[in-house]
Amino acid sequence: MKPVKMLFPLLTLALAAGTAQAATYRWVDEQGKVHYSDTIPPQQAGKGSVELDKQGRVKKENPRTALSPEERRRQEEALSQSESAKRQEQLQRRRDKSLLSTYVSEEEIDLTRDRAVDQEMSMLAGLKVRLKAAGEKLDYANRQLATRPGKAYQQMRDEAKAEQAQLNELIRQRETALVDTRARYEADKLRFRELRAATPR
């Protein structure tokens, strides 16, 4: 009987020790409400909590590791911007290397630009000649239709109008390309100057 009598105090002490060691957690939910419990609910995992001792003092802080949807979106956006910046930096390095290996002086860049501009101007001149011919064709068709209407002249008129529209669009594209060409070579020349200035002699 004596060993049995000694067992109850031991069990009581073990239970008391277990109770004393049981943690109390405090956390704030997404609505701002404060909760206390001896366990953290699964949906609160990673969202931050505080472990309290039996006197209610902070024993341990569990920082938040889980991200909200908005925080995750901002993190992904920042990562995307960082990767985009790295790609742009790599692309710029390749362009700089190509620029320095292609040209030996700013004058050479100007000569290359002038050749490219001349080519664009030549294409523009050719398109304008074709546009003038289409206008003359349209005028002829309209004159003929005024005196003797017929399907052949109507078709000629429609074809001339379609050709004019197409040529006007091509001319617009070439004029834009001409502006872009000049701007591109000017930017190349400025960058070439910067790179040469930064290169040790």
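Visitor: How do you know what share of the chain is buried?
Guide: Buried means under 20% relative accessible area, exposed means over 50%, and partly exposed is in between (1.4 Å probe, protein chains only). By that rule, buried residues make up 19% of the 201 residues in the chain. Keep in mind that this is a predicted model, where local features need pLDDT of at least 70 and side-chain atom pairs count only at pLDDT 80 or more, while totals for chains, interfaces and linings use all residues. Residues are numbered from 1 along each chain as its sequence is written, and side-chain values use heavy atoms, with hydrogens and water left out.

Visitor: What makes Asp 96 buried?
Guide: Its relative accessible area is 11%, and the cut-off is under 20%, so Asp 96 counts as buried. Asp 96 lies in helix 2, residues 69-102. Contact means heavy atoms within 4.5 Å, and, leaving aside neighbours within four places in sequence, Asp 96 touches Arg 191 and Leu 195.

Visitor: What makes Val 28, Val 34 and Tyr 36 a nonpolar patch?
Guide: Patches take residues with over 30% relative accessible area and no salt bridge; nonpolar side chains (Val, Leu, Ile, Met, Phe, Trp, Tyr) are joined within 5 Å, and like charges within 9 Å. Val 28, Val 34 and Tyr 36 form such a patch on the surface, with about 290 Å² of accessible area together. Areas come from the Shrake-Rupley method with a 1.4 Å probe; for residues, only the protein chains shown count as cover. Val 28 also stands opposite Val 34 in strand 2.

Visitor: How do you know that strand 1 and strand 2 pair?
Guide: Strands are DSSP runs of E, at least two residues, and helices are runs of H or I, at least four, numbered from the N terminus. Two strands pair if DSSP finds at least two bridges between them. Strand 1 (residues 24-28) and strand 2 are joined by 4 bridges and run antiparallel, so they pair. Strand 3 (residues 49-52) and strand 4 also pair in the antiparallel sense, over 4 bridges.

Visitor: What makes strand 2 and strand 4 edge strands?
Guide: The open sheet has 4 strands in the order 2-1-3-4, with antiparallel pairing. Strand 2 and strand 4 (58-62) each pair on one side only.

Visitor: Why is the link between Glu 77 and Arg 73 called a salt bridge?
Guide: The rule asks for a side-chain nitrogen of Lys or Arg within 4 Å of a carboxyl oxygen of Asp or Glu. Glu 77 and Arg 73 meet at 3.2 Å, N to O, so the link qualifies. They are 4 residues apart in helix 2, which means about one helical turn between them.

Visitor: How many salt bridges does the whole structure hold?
Guide: The search finds 13. Another one joins Glu 194 to Arg 191, with the closest N and O atoms 3.0 Å apart.
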